[in-house]
Amino acid sequence: MADAKTERSAGCACGRLTVKTIGEPVDVYLCSCLKCQRGTGSAFSYAALFAESAVTIAGDRRQYADRGDSGRAIDSSFCPTCGTAVAFRAEGLPGVIGVPVGGFADPNFARPSKLFWASRRHRWLDLPADIAKIDTQ
């Protein structure tokens with residue numbers, strides 16, 4: 001396992017927008033809310049939360065403000081060239097910045113601890129028993 005000094009890099013598909021993190025994530029989770037399904041174009045999102053002080057975002061970016069299925073505000077940062085979302089802030093998660101795990105392109109990244117909005121997951125999605133299934137958020 002990596003220590004608190006571990007530095008990681010994530011980025012968009014074209015490489016013009018990057019995220020650097022220091023240390024371990026506060027949490028790693030999946031979400032199957034309808035907004036995450038549509039936003040990722042997949043059956044769920046896979047995200048890591050880091051303390052704000054541990055995250056640096058560099059490059060030209062645009063913001064997209066929306067509300068999650070919980071009704072709380074979510075502000076996403078995305079690349080204006082390729083459209084890839086690289087970070088987000090959520091009203092329900094103060095003091096942290098979320099980073100989509102796919103942006104790290106690291107197959108050894110920490111596994112998620114929970115699935116939010118399990119009630120909206122695709123029925124084929126079977127997860128290991130140690131990943132908590134939370135019906136909403």
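## Nonpolar cores

The largest nonpolar core of this predicted model holds 16 residues, and those with the most contacts inside it are Val19, Ala48, Phe50, Val86, Val99, Phe104 and Phe109. A nonpolar core here is a set of buried Ala, Val, Leu, Ile, Met, Phe, Trp, Tyr and Cys residues joined through side-chain atoms within 4.5 Å. Buried stands for under 20% relative accessible area, exposed for over 50%, and partly exposed for values in between, with a 1.4 Å probe and protein chains only. At least two residues of this core come from each of strand E4 (45-51), strand E8 (85-90) and E9. A second, separate core has nine residues, among them Tyr29, Val96, Phe116 and Trp117. In soluble globular proteins, nonpolar side chains tend to be buried together.

Not counting residues up to four places away in sequence, Phe104 touches Arg8, Ser9, Ala10, Thr21, Phe50, Val99 and Phe109. Contact requires heavy atoms within 4.5 Å.

## Basis of the model

Residue numbers start from 1 along each chain as its sequence is written, and side-chain values use heavy atoms, with hydrogens and water left out. The model is predicted: local features need pLDDT of at least 70, side-chain atom pairs count only at pLDDT 80 or more, and totals for chains, interfaces and linings use all residues.

## The three-stranded sheet

An open sheet is formed by three strands in the order E1-E2-E5, with antiparallel pairing. Its edge strands, each pairing on one side only, are strand E1 (7-11) and strand E5 (55-58). From one strand to the next the twist averages 20°; axes are lines fitted to C-alpha atoms, for helices over the stretch in contact, and angles run from 0 to 180 degrees between N-to-C directions.

Strands (E, at least two residues) and helices (H or I, at least four) are DSSP runs numbered from the N terminus. Two strands count as paired if DSSP finds at least two bridges between them. Strand E2 (residues 18-22) pairs with E5 over four bridges in the antiparallel sense, and Lys20 has Thr56 in E5 as its bridge partner.

Strand E6 (residues 62-67) is antiparallel to strand E7 (residues 73-78), and six bridges join the pair. Ala65 lies opposite Asp75 in E7. Five residues separate E6 and E7 in their hairpin, and Gly71 in the turn has a positive phi of about 95°.

E7 also pairs with E8 in the antiparallel sense, over five bridges. Asp75 has Arg89 as its bridge partner in E8. The hairpin of E7 and E8 has six residues between the strands, and Gly83 there takes a positive phi near 85°.

## Cysteines

With a disulfide taken as a pair of cysteine sulfur atoms within 2.5 Å, the count is zero. Cys79 is in no disulfide, its nearest cysteine sulfur being that of Cys14 at 3.6 Å. Cys79 is buried, because its relative accessibility is 1%. Cys82 is likewise in no disulfide, and the nearest cysteine sulfur, that of Cys79, is 3.8 Å away. Cys82 has a relative accessible area of 31%, so it counts as partly exposed.

## Arg111

Arg111 is placed in the loop between strand E9 (96-100) and strand E10 (114-116). Its relative accessible area is 47%, and therefore Arg111 is partly exposed. Leaving aside neighbours within four places in sequence, Arg111 is in contact with Val28, Tyr46, Pro128, Asp130 and Ile131. Arg111 and Tyr46 are 65 residues apart along the chain, and their C-alpha atoms are separated by 9.2 Å.

The side chains of Arg111 and Asp130 make a polar contact (3.0 Å). A polar contact is a pair of N or O atoms within 3.5 Å; within protein, one must be able to donate a hydrogen and the other to accept it, and residues adjacent in sequence count only if both atoms are side-chain atoms.
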